[in-house]
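Work through these exercises with the model open beside you. Try each task before you read its solution.

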Amino acid sequence: GKVYAVDIAKTFVDHTVMSCRVRGLKNVDGIVCTQDDVNLPDNSIDLAFVCATFHHFEFPLKSMKSIRRALRPGGKVVVIDFERIEGKSSDWILGHVRAGKEVFQAETEASGFELEEEITGFLKENYILRFRISGKK
């Protein structure tokens, strides 16, 4: 299948694609996105994997709606990000991550997704949420 490496920083995209090519992976294409759009074609992906970057989204509703447009029917989104809990999370996380899991979940749901599963017991400082497309847009 096809894999899209999407980031707002061209240097990150180029590095990821180059690293894949060195390892013989030829099915990875790089996409430089904008602050509010992943720049993927409509109905082009089955899964969006957002790992430790949701907290950087400046326009989370627009960004997630662009992911929704890119997903094929039945598509999924997996979000992994840092647990941000006062008194528990590190100072780095508290100062770096803009909000906690509940806010990110609400933003994702407001963008046309519904929570399918929270995967627990796997990561120490992070959570994993899996969403499916909901009936609302």
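This is a predicted model: local features need pLDDT of at least 70, side-chain atom pairs count only at pLDDT 80 or more; totals for chains, interfaces and linings use all residues.

**Exercise 1.** Which order do the strands of the open sheet have, and which strands stand at the edges?

*Solution.* Step one: read across the sheet. Its four strands have the order 3-4-6-5, and the pairing is mixed. Step two: go to the ends of that order. Strand 3 and strand 5 each have a single partner strand, so one side of each has no neighbour in the sheet. On average, neighbouring strands are turned by 20° against each other, direction ignored.

**Exercise 2.** How many bridges join strand 3 to strand 4, and how does the chain cross from one to the other?

*Solution.* Step one: count the bridges. There are six, and the two strands run parallel. Step two: trace the chain. From strand 3 it passes through helix 2 to strand 4, a right-handed β-α-β crossover. Step three: locate residue pairs. F49 has V78 in strand 4 as its bridge partner. C51 stands opposite I80 in strand 4.

**Exercise 3.** Where does helix 2 touch the sheet, and what angle does its direction make with strand 4?

*Solution.* Step one: list the contacts. Helix 2 touches strand 3, strand 4, strand 5 and strand 6. Step two: compare directions. Helix 2 makes about 145° with strand 4. Helix 4 lies across strand 4, strand 5 and strand 6, and runs at about 15° to strand 6.

**Exercise 4.** Why are helix 2 and helix 4 described as oblique to each other?

*Solution.* Step one: take the axes. They come within 8 Å and cross at roughly 55°. Step two: classify the angle. Angles under 35 degrees count as roughly parallel and 65 to 115 as roughly perpendicular, so this pair is oblique. The crossing is right-handed. Step four: name the residues that meet. P60, L61, M64 and K65 in helix 2 meet E107, T108 and A110 in helix 4.

How values were computed:
Residues are numbered from 1 along each chain as its sequence is written. Side-chain values use heavy atoms; hydrogens and water are left out. Two strands pair if DSSP finds at least two bridges between them. A crossover is right-handed if, with the strands pointing away from the viewer, the path from the first strand over the helix to the second runs clockwise. Axes are lines fitted to C-alpha atoms, for helices over the stretch in contact, and angles run from 0 to 180 degrees between N-to-C directions. Angles under 35 degrees count as roughly parallel, over 145 as roughly antiparallel, 65 to 115 as roughly perpendicular and the rest as oblique. A crossing is left-handed if the near helix is turned anticlockwise from the far one by less than a right angle, and right-handed if clockwise. Contact means heavy atoms within 4.5 Å.
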